[in-house]
Amino acid sequence: MRVDLKFNSASYSEKQRFFLECWYNMVHQYSVDSYRLKTMNPVNSARELYSVWSMSHASKEDKFLVFKEAVEVISASKDVFDAQELRLLHHLKSFSSKIKKDNVEFDNSSLVVPIASSLYKQLEGNFITQCQEYLTKTLVENGDEPTEEGELQSMKSLISNFLSALLDRGSSIESLFNFYKGILAKDQGAPDYPFEKRLGLLFRILNSDIQEFKVAFALYGINSSTERVFPDQIGDISFPDNIGELIKSQKVQNKQFTTIHPSKKFAVISIKESDARHAGTLAYERIYKTLDLLRFEFSSEPIRVSEEFICLNEDRSYNGRVFGIPKVVPNPVDITSIERNLAELLQQVETLVGSNDITEKNRDRIISSFRFYRYGSDTNIFENKLVNWWTATEYLTSNDKSSGSIANRVIGSITPV
């Protein structure tokens, strides 16, 4: 658990302190997974339920596991549901005793998909607003009332689902953490800026409409041969040599966007989103995929995309601002122990791969797992991280005699942090 050392707890009620501590821990980049917000929430759980149960190739076990998890996750936030959502959830839960690991077919099994689909549509439109209404009532209207038994645990679950739903909708963990630093915990205890005003401002920002973000990245590694074939535009991405005209009215200090060089270009694209950082992430992925195609067809030379982007919107709140690409560090890093731990790790790996008891094939698997982990660490595209890290885990949990489900083997071999 992480502690905000600058936090002035005396200025808040018990419920408000708990809310702020949960928010801080769940979105802090160095929180371990046990404290971080969960991936699944009622909205995407309902979406996954109807999607998986609609797949003709989904196995019985997959359907069983998805149904079981979805009902559990959705039920955890039922206190904020309206009557229709509760009715749909009740129907789903009534199927629980009939859905078995080896048999998911029963008289009304065909109703799972339409009920889950209807519940997803309801939650997609209502859940975030319902969470905001619950938090406003709990933290502001009833903020000074004594805490009832089990109330904080229920609040923690709801906060996690709320933040997870925001993440699923398009916010980044970095943005959510900046909301804590810049709104919820900024100038803590200022009498002219009480908690209820901070919470109200936060919710107004979260409820802001989707807008079009015009963003630009710098591209490096353009050589003379690449320059000859490099197009001015591919789809909705333009590749100017400089963006001076676009930033001339803005006070941009970052030299990577104000300087030009023969080996450098820019990629400019517009993305519709509610969060600038998420817009930048989507733009980054699209630019990289386009460059992959360009390199495949015309050039074998690597082209590097900057890890920062500039927002070119005329809106005063974004005009000329430079953002970093969202990156989530999975676990804490203790700088003082890196050297010692690295030496221990190298010794352990050397002993393992050098053992006469290990086959050549399994030795290659161990070495390959570290290579795939490095591939995942080196990319800033989350999908690529996941694929490479999952492949690395598969290599570590498999051997030349492994059989059965890969997923079950991985799950059975890993200890959650």
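These legends describe close-up views of a predicted model.

**View 1. Tyr50 and Tyr120 form a tilted aromatic pair.** The structure holds 18 aromatic pairs. In this one, the ring centres of Tyr50 and Tyr120 lie 5.8 Å apart, with 40 degrees between the planes. Tyr50 belongs to helix H2 (residues 42-54) and Tyr120 to helix H5 (residues 112-141), so the pair ties together parts that are 70 residues apart in sequence. Tyr50 is partly exposed, at 24% relative accessibility. Tyr120 is buried, at 10%.

**View 2. Tyr373 and Trp389 form a stacked pair.** The centres are 5.6 Å apart and the planes meet at 20 degrees. Stacked pairs have planes under 30 degrees apart, so Tyr373 and Trp389 qualify. Tyr373 sits in helix H14 (residues 360-378) and Trp389 in helix H15; the pair ties together parts 16 residues apart in sequence. Tyr373 is partly exposed, with 47% relative accessibility. Trp389 is also partly exposed, at 24%.

**View 3. Ring pairs build a cluster.** Its members are Tyr12, Phe19, Trp23, Phe162, Phe195 and Phe203.

**View 4. Charged side chains lie over aromatic rings.** Lys63 is placed over the face of Trp53, 5.4 Å from the ring centre. The charged end of Arg371 sits over the ring of Phe372, at 5.8 Å from its centre.

**View 5. Glu151 and Lys15 form a salt bridge.** The structure has five salt bridges. Here the closest N and O atoms are 3.3 Å apart. Glu151 lies in helix H6 (residues 151-169) and Lys15 in helix H1 (residues 14-27), so the contact ties together parts that are 136 residues apart in sequence. Glu151 is buried, with a relative accessible area of 16%. Lys15 is buried too, at 3%.

**View 6. Lys265 and Asp241 meet in a salt bridge.** The N to O distance is 2.7 Å. Lys265 is in strand E4 (residues 264-273). Asp241 is in the loop between strand E3 (237-238) and helix H10 (244-247). The two residues are 24 apart, and the pair links distant parts of the chain. Lys265 is buried, at 2% relative accessibility. Asp241 is partly exposed, with a relative accessible area of 42%.

**View 7. Leu386, Trp390 and Ile406 form a nonpolar surface patch.** Together they present about 290 Å² of accessible area. Trp390 lies in helix H15 (residues 382-397). Trp390 is partly exposed, with a relative accessible area of 36%.

Notes:
Residues numbered from 1 in each chain as written. Predicted model: local features only at pLDDT ≥ 70, side-chain atom pairs only at ≥ 80, totals over all residues. Heavy atoms only, no water. Patch = residues over 30% accessible without salt bridge, like charges linked within 9 Å, V, L, I, M, F, W, Y side chains within 5 Å. Areas by Shrake-Rupley, 256 points an atom, 1.4 Å probe, with all protein chains shown as cover. Salt bridge = Lys/Arg side-chain N within 4 Å of Asp/Glu carboxyl O. Helix = DSSP H or I, 4+ residues; strand = E, 2+ residues; numbered from the N terminus. Buried < 20%, exposed > 50% of the residue type's maximum accessible area, 1.4 Å probe, protein only. Phe/Tyr/Trp six-rings, centres within 6.5 Å; stacked < 30°, edge-to-face > 60°. Lys NZ or Arg CZ within 6 Å of the ring centre and 35° of its normal.
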